[in-house]
Amino acid sequence: MAGGTGAGACAEPGGSDSLRTFGAFVQALREHAGFSREEFGEQVRFSKHTVASIEQGRRMPDRDFVERAEAALGNTGALRKAAPHLTRQVGLASWFRQWACLEAHAVTLWTYECRVIPGLLQTERYARAVTESVPPVKDEDQVAKQVAARMERQQLFERRPPIAFSFIIEQALVERGTGGPDVMRELIDSLLERSLKFNVELQIMPRHQPDHAGFDGPLRLLEAQDNKWFGYAEGQRGGMLILDPKEVSIMFQRYARLRSQALNSEDSRSLLKRLRGAL
C-alpha cells in the first residue's frame with residue numbers, strides 16, 4: 001500500500017480510477033455484510049464521513065482502514081491485494097504529491113504561510129478564488145479538480161489518532177480580501193471554528209513585527225509515525241522535500257522562533273474577530 005511513513009513509500013502518480021474502483025468494492029462488501037456506513041465506521045474506528053469519502057473514491061485509505069475493513073468484512077484478502085495499486089486523486093501538483101502522502105500518516109504538522117491561507121484551512125470558495133486568480137487560465141474542470149483535491153486533504157482533521165496541527169499565518173493574508181467580503185467572512189468563520197479544535201493551534205503573525213524569522217518564506221514541518229521529521233519548501237513552480245537532518249533542524253529553529261513572535265492563540269482569535277467585523 002502507498003502508505004508507509006518513509007519518504008520513499010510516498011512517491012505516487014496521479015489518477016483516481018483506482019480509488020473509485022476500490023471505494024465501490026468496499027461499499028459492495030459493506031452492504032453485503034449488512035452494515036450501514038455508521039455501523040461500519042464503528043467497526044473500523046473511522047467516522048461515517050471518512051467511510052463515505054473512501055467509498056466515493058475521494059480519499060486514499062490508510063493501512064489501518066484496510067486492515068480493519070478486512071477484519072470486519074470477512075478477511076477475504078481482497079482489500080489487502082487491491083491496496084498497493086491505489087493512486088491518489090488528480091488535482092494536486094505533481095511536486096506536492098509526495099508531501100501529501102506523508103501528511104496522511106503524520107503525527108504532527110506545522111505550517112507557516114506568508115503567501116496564501118494554507119490549503120488545509122481554506123474554504124471551498126476561497127480555494128476557488130485562489131485557483132482562478134493564478135495564471136495560466138484554467139477551464140472549469142481543472143478548477144474543480146484542484147479545489148476538490150484541496151478539500152479532500154482536509155479529511156486529515158478527522159483522522160484518528162488525531163494529528164497535532166500548528167498554523168502560523170500572516171495577518172496580511174486575511175486582510176487581502178481574496179474573493180471579496182463574503183468569501184473572507186466565511187473564511188474567517190472557518191478559521192475561528194478550526195482554532196477551537198483541541199488538536200489545532202492557530203497563530204496570526206501581526207503586520208508590525210520587525211523581528212521576524214520567516215523572511216526566507218513559507219515552511220512546513222512534519223513528524224512521521226516513526227518520529228522522524230521532514231521539511232518542505234515550495235516556490236513558484238516546484239516544491240522540495242527536505243530530508244537532511246541538519247536542514248530540518250534549521251527549519252525547526254525558525255518555526256520555534258516564529259511561534260514566539262506570532263500572537264498567541266487567544267489574541268489571534270481576537271484579531272480575527274476584529275478583522276471580520278471590519279468587512
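**Salt bridges within helices**

Colleague: In this predicted model, is Asp-141 buried, partly exposed or exposed?
Modeller: The relative accessibility of Asp-141 is 44%. Buried needs under 20% and exposed needs over 50%, so Asp-141 counts as partly exposed.

Colleague: Which residue forms a salt bridge with Asp-141?
Modeller: The bridge has its closest N and O atoms 3.3 Å apart, and the cut-off is 4 Å. Both residues lie in helix H8 (residues 140-153), four residues apart, about one turn of the helix.

Colleague: How far apart are the closest N and O atoms of Arg-128 and Glu-132?
Modeller: Arg-128 and Glu-132 both lie in helix H7 (residues 124-133), with a spacing of four residues, about one turn of the helix. Arg-128 is partly exposed, at 26% relative accessibility. The two residues form a salt bridge, and the distance between their closest N and O atoms is 3.2 Å.

Colleague: In which helix do Asp-182 and Arg-185 lie?
Modeller: Their side chains meet in a salt bridge, 2.6 Å from N to O. Asp-182 has 47% relative accessibility and Arg-185 has 22%. Asp-182 counts as partly exposed, and so does Arg-185. They are three residues apart, about one turn of the helix, in H10.

Colleague: How many salt bridges does the structure hold?
Modeller: Besides the pairs above, Arg-30, Glu-31, Arg-37 and Glu-55 are linked in a network of salt bridges. For the structure, the number of salt bridges is 18.

Terms used
Residues are numbered from 1 along each chain as its sequence is written. This is a predicted model: local features need pLDDT of at least 70, side-chain atom pairs count only at pLDDT 80 or more; totals for chains, interfaces and linings use all residues. Side-chain values use heavy atoms; hydrogens and water are left out. Helices (H or I, at least four residues) and strands (E, at least two) are DSSP runs, numbered from the N terminus. Buried means under 20% relative accessible area, exposed over 50%, partly exposed in between (1.4 Å probe, protein chains only).
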